[in-house]
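Hi,

Here is the structure I promised to pass on.

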Amino acid sequence: MSIVDAIRADAAGLLQTGRAKLVLGYRNRQGRRAPILLADAAGADQLVYDAECRQNLAAYLRKPEVRQQFPVAVVAGPPVMRSLVMLSAESQIPAGAVTVLAVGENEYHGALDLAATAQLLREKYADPAPDEELLRRVREVAAMSEEERAAFWTEQFSKCTRCHACRSACPGCYCQWCISKRNVPQWISTADLSHGTFAWNITRAFHHAGRCTLCGACEAACPQGLPLMLLNACVAECVEKEFGHRTGYDLEEKPLIGSWRPEDDDGFVR
Amino acid sequence: MEKTETIAENARAGFEPRIVAFVCNWCTYAGADLAGTSRLQYAPNVRILKLPCTGRIDPLLVLKAFEGGADAVLVSGCHPGDCHYTSGNYHARRRWSVFGKLLAFAGIDGRRLYFSWVSAAEGQKFADLINSITKEVRSAGPFDPVNPARRRT
Amino acid sequence: MKLLRADRLAELAAALAARGYRVIAPIRQGRIVRLAEWRPGAAIETAGISANSVKDFLFPRSEIIDRYSLNGGDFVQKEVTPEAIKTVALAVRPCDAGSVSVLDTVFNWDSNDAFYNARREACTVVSLACVRADEHCFCTSVGGSPGSSEGADAVLRAAGGGEQLIFEPLTPKGRALAEAAGGALAEGEAAADPVAEIPLRFDIKAVRDWLAGNFESPLWQEFASACLGCGACAYACPSCHCFDMQDESNRKESVRYRNWDSCGLALFTLHTSGHNPRSTQTARWRQRVMHKLSYIPQRFNLTACMGCGRCSRLCPNGLAISETCEKIARLCKANHEGGTP
Amino acid sequence: MNIYKPVVMRLLEAREEAPDVRTFRLEFLDAAARSDFFSRYRVGQFGLYGVPGAGESTFCVASPPTRQEYIECTFRKNGRVTQALQDREAGQCITFRGPYGNCFPMDSWRGKDILFVAGGIALPPVRSVIWNVLDRRSDFGAVTIVYGARTAADLVYKDELEQWGARPDVNLMLTVDPGGQTPEWKGKVDFVPNLLKALPAAANSVAVVCGPPIMIKLSLPVLRERGFSTADIYTTLENRMKCGVGKCGRCNVGPMYVCKDGPVFTAKQLETLPQADM
């Protein structure tokens, strides 16, 4: 049985038995992949899965219309699985609310609960191959002088229209009152002028320190093609090197910025 | 201790760096206070903003300072272990480490963003710190127009 | 008849720039083709459609519409004049040019928006007729066409199998542009190539009738199920015109920005009391479809959707006005033939 | 001409009506702006009151067109702009745009009995109509005012309520929600819709109803049952607004733009609008 057939069978089974009232998966849409929220088993044959499935379906777990349908099932590759474990560690998923239809590189692991998913991630997908192209581009920008880097990012951020597709695409962005919505005081300017887009993009990247699984959904969602993964990769690299923190492998993981160890490095502090 | 310049002498040099210092109330602010009561002179370029703890010094404050035109920002608080709130500085330390590298990656690097521990007894260290930072920033020159976070309207 | 070689479009741009026009054209930036200011040496992309539209230069994302100098509790109002640079939007798509008529109507019904009109007057729109289309285009289903000249001051039509471009001025601004282009345009005769074939994807009349009577339909839940409530579709849409007004200030000065806004965002209708008439994403997606295809047609007798397909191309989650309309049209056909939907 | 450019008004007096609710009395700084405003202002219209640096907020003009020395507005401190407005002291200035929207068709009410129904902070839009009617009292039939609030302290325009109560030609019925009364409270203790049941049947009369959505939802059937046709029941809608001139799309409900086609609607018109979007 192919991976896609196995996913369809499990999805139909979960819906029929009522173990899931909704299955979050991917469908074929004019040759591209798009999320689909299946409520009835008959629709299970629309489900597909391949490397083109880039949207992080864990982002739907903040939608009230989805939370009212708990328990749900989520078709998840390794990055999405890690996001689900991270969300669970941040108390965003009630116990038993999510069943994971776990798909590896070329292997289907069946319908697992979150504990089994975390276990699977630790055993099979503990150190994903780093994205060499992305790391090369990160080094390329890091090697620039301060003026060049500032100019590079000013030019990139100038295309940002603050449509917040990056925020909607990311499972980590589940705050009901995002800092950019606050206007007492107006921390981040609402205008798409340089100071607004810089503060927004930097704050967004920083708020995912130790929470980002480098799934690439934000950069894929950006209509203006901003290289958001460069910021995420820079933060993820620092987080792993400085604190040995890898997101989404432990249901009990403590939030990176919310916890500390006495021996954390502070060589940069004068 | 090298001779510190007064504002008049600085003006002749032309560029006067504007440095914003976010300091914790219990240690660094007390240290700055001690520097004052001990008649220690330090560069007048720093604007000191007192917050309860480094744990409360939010990266948004740093961004807002650069948005308003700061040439450099110093964030300083109690040494690890001395925090009045036990772990405020430990949390801040992780935050600074990640945020500092992210800002450096985005074009605001080591000559613009400084972190330090200054205890209530280290008036001298505070004065020397401000003088050396002012010197470094003066040599780095004005942060405008390079500053990517600057409000331009 | 004015002609130019298709691969010499950049020369036309250079000639116009030399005559003081700010030239806006589709330019590749990384993996995205965007309408941006043309610089000498930049290639003008004539295939595909830009991610943003000519709306960006008539009704910009953020614009200062009021300015005050502050002094404690007192303030002095400062003059704010709309900024209108002489601009030519070169080689935009006919659906973009068509959307200008929607913006003109909204910004000039009952009262005139001086900021929009200043930019509109200073802008000459030159559309490039489409010889190819992709699976997202549906202008023919909403009353448009790949060769339409509506809203354009001049139209470029491919000729001689794409070798040549016919420059067809339509308005005084278009003729002034042809004159300003001077040598870049040669005299000659050529027959325009056939425009793209875009199949009819739904019957707009049937969709509009269904919309009028089905506000409460449970199907809206299914249409909007994948929507995560960002502003990508509204900000990319050439005819979306809703905006927000926000004040920002420091101690000495305050400015009032006019920013783009979207009915897809929760803050759009949130009352200070916390009550939000459109509290679910289903209600917001319904508003987007109804406002464009039912409310504006009832008020202004024109459809506020150009069928450009940008929302369909850019939505990260696969939502599209065309897909919702196709589902509705299929539904109407099924009801019409007595079958169950 | 910049249609978004406000005029400057000076705050003459700020009266505390209820906790966090204040009434501003404002005068135009520029005489031309004043005459332009009163040449167009009809009762029921609204305006946008602003503080530079904070923004603008939408409230009705609470004073009638028959009083042209000042305009008044009443609002509750709830957000950034209303906070900035309530920080203003007498003598300082604010910005104002208006009058916007349509108005109550007063002329078509000549000779009719008028019933005013209001709840809580929604009395201001009704109050401007009441004073307009009382300033031309002879043009109209019987006037009945039914006004309620959650607690006695929440009642606004307390001094004017006494004036209306004292007038022989006005039948005033005040109430507070059960549990909201104080020991010296003399009015009724019940919800506003229940008071309407005791009213005489409607003969040749119109009703003006403003209040929280729940009050309107419960009052309409009672009024219909008392003989008011939906075309004779008027209300104002309180949508979120920004531009006030029919451009920004924010107040769009159904085919209507509340800032241009409203804020005054008849119950008949409201029935045609999508209820879920109200």
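Predicted model: local features only at pLDDT ≥ 70, side-chain atom pairs only at ≥ 80, totals over all residues.

Residues are numbered from 1 along each chain as its sequence is written, with chains lettered from A and ligands numbered from 1 in the order in which they are written.

Helices first. H1 (residues 9-18) and H5 (residues 172-181) of chain C pack at about 100°, their axes 9 Å apart. Helices here are DSSP runs of H or I with at least four residues, strands are runs of E with at least two, and both are numbered from the N terminus. Axes are lines fitted to C-alpha atoms, for helices over the stretch in contact, and angles run from 0 to 180 degrees between N-to-C directions. That makes H1(C) roughly perpendicular to H5(C) (the class covers 65 to 115 degrees). Leu12(C), Ala15(C) and Leu16(C) on H1(C) meet Leu177(C), Ala180(C) and Ala181(C) on H5(C), where contact requires C-beta atoms, placed from the backbone, within 7 Å.

H5(C) has two sides. Gly174(C), Leu177(C) and Ala181(C) are buried (20 or more other C-beta atoms within 10 Å of their own; exposed is 12 or fewer). They cover an arc of only 60° around the axis, which puts them on the same side of H5(C); the arc is taken from the directions from the helix axis to the C-beta atoms. Pro172(C) and Glu179(C), on the other side, are exposed. Just after the helix, Gly182(C) has a positive phi of about 55°.

Next, the sheet. Chain C has an open, antiparallel one of four strands, ordered E5-E4-E12-E11; pairing takes at least two DSSP bridges between two strands. E5 (74-78) and E11 (243-249) of chain C are at the edges with a single partner strand each, so one side of each lacks a neighbour in the sheet. E4 (residues 62-71) of chain C pairs with E5(C) over five bridges, and Ser69(C) has Val76(C) as its bridge partner.

Finally, chains A and B. Their contact takes 35 residues from chain A and 33 from chain B. On the chain B side, H4(B) gives the most, with 14 residues.

Cheers

Conventions. Parallel < 35°, antiparallel > 145°, perpendicular 65-115°, else oblique. Contact = placed C-beta atoms within 7 Å.
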